[in-house]
Amino acid sequence: MKFLGSQLSYFFANRRTKTNVKELMKFVGVLFLMYVTYSITFHYVAAYEGQDFSWMTGFYWVLVTMSTLGFGDIVFTTDLGKIFSMLVISSGVLFLLVMLPFTFIEFFYAPWMKAQNQARAPKKLEDEVSDHVVITKLNAVTEALIKKLVSYKIDYVILEPDLQKALDLSDMDYKVVNLDPTDFDTYNKLQIKKAAMLVAADSDTINTNVTFTAREFSDKIHIVATANSADSVDVLKLAGANHVLQMGDILGKALARRTLGGNARVHVIGHIDSLVIGEATVKETPLIDKTLKESKLRESVGVNVVGIWERGEFIHPDPDTVIHNESVLVLAGTVEQLRKYDEIVSIYHVSDEPVVIIGAGRVGRATAKSLEERQIDYRIIDKNKERIKEHDNGNYIYGDAADLNVLNKAGLEKAHTVLITTHDDDVNIYLTIYCRQLKPDIEIISRATYERNVNTMHRAGADFVMSYASMGASSIFNILEDKDVIMLAEGLNIFNHRVSENLAGKSLMQSKIRLETGCTVIAVNCRNEQMLVNPPPDRILKQDDEIVLIGSNEGEVLFTKQFLE
């Protein structure tokens with residue numbers, strides 16, 4: 001009924017629609033007048049022929065004759081009667097079978113269908129809408145962002161200037177308005193001054209137009225824009241963007257961070273306040289085949305093992321968890337504690353062999369640049385000659401990565417890590433399977449453009465998969481929520497939340513956070529106190545304490561629903 005009400009509202013709000021309805025009513029009035037006139041004339045013609053019928057019979061005869069459904073039960077035999085019958089039939093064909101359908105479609109059905117479409121893809125937002133996120137383009141990143149917004153019950157709207165595309169999005173249960181994001185008047189209809197954020201996610205030129213137009217309308221709206229080219233960053237900031245995200249650059253750096261390099265040193269992947277999160281391989285170190293309790297890492301260097309990667313599978317460890325040769329430790333501690341860990345284990349598993357990068361696009365080049373900053377050697381393969389000529393510094397290799405000779409030329413046989421960075425998920429899955437078969441013990445880190453292909457890549461043999469969509473969505477969402485989130489891998493994050501009323505006064509054990517959500521509290525940050533890393537189970541949570549958790553996307557959603565709402 002609510003949907004019908006909105007349709008009626010759009011239908012009668014249009015001035016032309018009101019005029020059309022009046023014209024339709026006039027036509028119906030003419031038909032009714034014609035029907036009554038014929039019904040009265042019927043009795044005079046019948047009397048002329050010496051017949052007598054009731055008024056109801058007259059109405060019946062005119063109706064079935066005008067509609068050309070005459071049953072022949074009442075037939076005039078005189079010339080006058082036949083002429084009258086032909087007149088009724090002819091006018092019925094003209095008005096009922098020809099003019100009425102076209103008039104109905106033109107003046108009622110077409111406006112009604114348009115009102116239905118406008119109800120599904122409206123031209124403005126309701127006045128009461130506020131704290132919403134305006135998205136200018138639906139793509140892999142914003143699709144993942146919308147999933148996050150929905151899970152956190154944050155309102156959003158997609159701008160789509162093409163009506164048919166807007167209707168298609170509406171049919172897919174997206175909230176959409178049929179407006180042009182580059183039109184100044186659009187932002188008056190979007191309640192933009194009450195919005196939480198505008199996300200410009202189209203091409204660099206359109207994003208610049210959108211940003212400048214929205215900023216001209218409102219100087220307070222928070223604008224996040226994506227940029228494909230590094231040259232566009234300054235232009236977008238000049239146009240008024242608060243944040244400009246180079247998604248290729250962000251993903252490239254994330255892939256490089258996942259590269260553990262040719263030694264057992266800790267590689268920092270992020271930090272929340274004074275808590276630093278890092279990862280370290282244990283290959284060829286004395287930690288192999290020891291349990292966490294036997295390793296005495298916490299007692300000797302102060303770091304805490306908050307997770308262990310085993311061939312792409314994340315394990316929440318306990319004291320009896322055994323460390324294997326292929327294990328990758330996720331460590332939490334201070335900068336000093338991680339440095340102390342390095343002093344002990346960095347002498348092990350030393351290798352100067354280069355990392356192999358497949359794909360020299362934006363993501364691949366950003367990955368190579370980040371590895372250079374870490375002084376890690378690399379070889380990058382691409383079959384685009386122009387990219388090789390433009391960026392060749394001796395590390396670029398021309399050829400198809402599906403060719404074994406090209407991979408051998410890049411040093412795959414001795415490499416400890418291969419990074420697969422092409423934008424085509426099908427190609428990445430193909431190359432993941434190929435590299436895993438060629439070298440079973442190599443670390444494979446792959447890029448996925450769409451979230452739906454992440455599990456397939458893991459099954460193909462990837463140790464880690466970083467999703468372009470999830471990385472971008474998380475970056476935008478973190479800006480919206482103004483909080484720190486570290487993405488360990490696709491679907492696994494380290495995030496922080498304030499302690500709510502229903503958690504305050506309970507110990508970690510009493511809260512049952514891990515039991516009910518699968519998330520693990522790895523640190524507690526109290527006001528005017530030093531962050532407590534890996535707090536004991538009997539630690540009492542206080543109102544407005546900040547807890548740092550590690551868990552999946554689904555786990556964070558469950559945590560939000562059960563403990564924060």
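Ser85 lies in helix α4, which covers residues 79-120; helices here are DSSP runs of H or I with at least four residues, strands are DSSP runs of E with at least two, and both are numbered from the N terminus. With a relative accessibility of 15%, Ser85 counts as buried, a class that requires under 20% relative accessible area, whereas exposed requires over 50% and partly exposed is in between, as computed with a 1.4 Å probe on protein chains only. When neighbours within four places in sequence are left aside, Ser85 is in contact with Trp61, Thr65 and Phe76, contact being defined as heavy atoms within 4.5 Å.

The structure is a predicted model, in which local features need pLDDT of at least 70 and side-chain atom pairs count only at pLDDT 80 or more, while totals for chains, interfaces and linings use all residues. Residues are numbered from 1 along each chain as its sequence is written, and side-chain values use heavy atoms, with hydrogens and water left out. The protein chain contains 22 helices and 22 strands, and 52% of its 565 residues count as buried. Of the contacts between residues at least 6 apart in sequence, 64% join residues that are at least 24 apart.

An open sheet is formed by six strands in the order β14-β13-β12-β15-β16-β17, with parallel pairing; two strands are taken to pair if DSSP finds at least two bridges between them. At the edges are β14 (396-398) and β17 (464-467), each of which pairs on one side only. Neighbouring strands of this sheet are turned against each other by 20° on average, direction ignored, where axes are lines fitted to C-alpha atoms, for helices over the stretch in contact, and angles between N-to-C directions run from 0 to 180 degrees. Within the sheet, strand β12 (residues 355-358) is joined to strand β13 (residues 378-382) in the parallel sense by four bridges, and Val355 has Tyr378 of β13 as its bridge partner. Helix α17 (residues 425-438) lies across β12, β15 (417-420) and β16 (443-448), and runs at about 175° to β16.

Antiparallel pairing is found around strand β8. Strand β7 (residues 267-272) and β8 run antiparallel and are joined by five bridges, in which His267 has Glu279 of β8 as its bridge partner. The two strands form a hairpin with two residues between them, and Asp273 in the turn has a positive phi of about 55°. Strand β8 also pairs in the antiparallel sense with strand β11 (residues 328-333), over six bridges, and Val276 stands opposite Gly333 in β11. In a regular strand, side chains alternate between the two faces of the sheet. In β8, Leu275, Ile277, Glu279 and Thr281 point one way and Val276, Gly278 and Ala280 the other way, and all of these residues are buried. Strand β8 (residues 275-281) is accordingly described as mostly covered, with seven of its seven residues buried.

Two helix pairs were also examined. Two packed helices are described by the angle between their axes and the distance between the axes. Helix α10 (residues 247-258) packs against helix α14 (residues 362-373) at an angle of about 50°, with the axes 7 Å apart. This angle makes α10 oblique to α14, since angles under 35 degrees count as roughly parallel, over 145 as roughly antiparallel, 65 to 115 as roughly perpendicular and the rest as oblique. The contact is made by Gly248, Asp249, Leu251, Gly252, Lys253, Leu255 and Ala256 of α10 together with Arg362, Val363, Ala366, Thr367, Ser370 and Leu371 of α14. These residues divide into six nonpolar, four polar and three charged, where Ala, Val, Leu, Ile, Met, Phe, Trp, Tyr, Cys and Pro count as nonpolar, Asp, Glu, Lys and Arg as charged, and the others, Gly among them, as polar. Ser370 of α14 is buried, with a relative accessible area of 11%, and touches Lys253 and Ala256 when residues up to four places away in sequence are not counted.

The axes of helix α5 (residues 140-151) and helix α19 (residues 468-481) come within 7 Å and cross at roughly 50°, and the two helices are therefore oblique to each other. The crossing of α5 with α19 is right-handed.

Key
Left-handed = near helix turned anticlockwise from the far one by under 90°.
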